Amino acid sequence: MQQTDIVIIGAGLSGLTLAYLLQEQKIPCKILEARDRVGGRIFTDYQENEAPIELGATWLGKNHPSLIELLETLGLPLFPQTLGDTAIYEPISTSPPQQVALPPQEEPSFRIAGGSSRLIHTLVEKLPPNCIQLAAQVSKLQFVGDLVEVHSSRGIYQAQKVISTLPPYLLVSTVDVAPALPESLVEIARQTHTWMGESIKVGLRYTEPFWKHATYTGTVFSSVGPLTELYDHSNVEGTHFALKGFLNSAYHATSRKERIQAVQKQLNRYVSPEVKTFSSYIECVWRHEPFTFFPYEGYILPHQNNGNPIFREDFFDSKLIIAGSETSPRNPGYMEGAILSAKLTFEKLVQV
């Protein structure tokens, strides 16, 4: 049995930010991550000499002060998301695609230069060696006296406190807790939406950015699909080119080959044959990610119970704290919410 002061479950943005804040105060901790990678729902696909593709969290705005402050502290620059002056719009399947004018952006969105995973990798670099244990899926929390035993696929860890940054629904669905969690907490958690859980994100890389040389801007809004939204996703330097978008979530039940064919068929409606072919296709079907998504027992609305105050209560005499983006009182589900949750959790830990 390994011993540490604090165990953090999950090496996503909340978990890594919390560990970074603790490290700044020389407070030791151990992060247990079920995946074989860090980042959680921040997931940038990198390929040599290609544009980075965001398959997870992507955009931020000026109303995300905690995220902006952290990026500035770490020296990570932003750049604006390009939308253009026009977009292709498909309201119904019985009418052809329309080209519509886009209004000026009053509140522009931004991306992290070099990809959202730069934030993740920079946080990891600030942590001591061996702080993070990958491929360590947590299956049980056992509260024994003044300590908690965290059972994982990489062994048992004994700690004074444990902080879960898992989506609440995933926590109560996949982790056994003894003694049992309060029924009031479990009931709310089982009715809490997991942000991005149903999303399908796709990236299309191109050798030439045809949308930069025509009236078409790369922006698409479609009620017909399968792509519901599509945006320019070229790199910050403007040297590598891509489009990135969202697929209708119903396509999780189809094969990857069928999804590619459906995307290609949709693009054929917009552009001529000589420019329609992408050089590579990348996707993430988040519903197929078992360390993010667990099937709901019933219908749950987007954002349902995100930010519910019950998640910010302490449990087992403050030995268990539930954190993560869905628990944040502001901007739950977003990168901003993940960082704010980490900051609030840090404040609890240093006050005890």
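Predicted model: local features only at pLDDT ≥ 70, side-chain atom pairs only at ≥ 80, totals over all residues.
Residues are numbered from 1 along each chain as its sequence is written, and side-chain values use heavy atoms, with hydrogens and water left out.

An open sheet is built from 7 strands in the order β8-β7-β17-β18-β19-β16-β20, with mixed pairing. Strands (E, at least two residues) and helices (H or I, at least four) are DSSP runs numbered from the N terminus, and two strands pair if DSSP finds at least two bridges between them. At the edges sit β8 (98-101) and β20 (280-285), each pairing on one side only. Strand β7 (residues 86-90) runs antiparallel to β8 over 4 bridges, and Y89 stands opposite Q98 in β8.

The loop between β7 and β8 holds P96. This residue is exposed, with a relative accessible area of 61%; exposed means over 50%, buried under 20%, and partly exposed in between (1.4 Å probe, protein chains only). The C-alpha atoms of P96 and Y270 are 9.5 Å apart, although 174 residues separate the two along the chain.

Over in helix α2 (residues 65-74), the buried residues are S66, L67, I68, L70, L71 and L74. They pack against α1 (13-24), β6 (78-80), β9 (110-112), α3 (117-125) and α7 (335-351), where contact means heavy atoms within 4.5 Å. Just after α2 comes G75, with a positive phi of about 70°.
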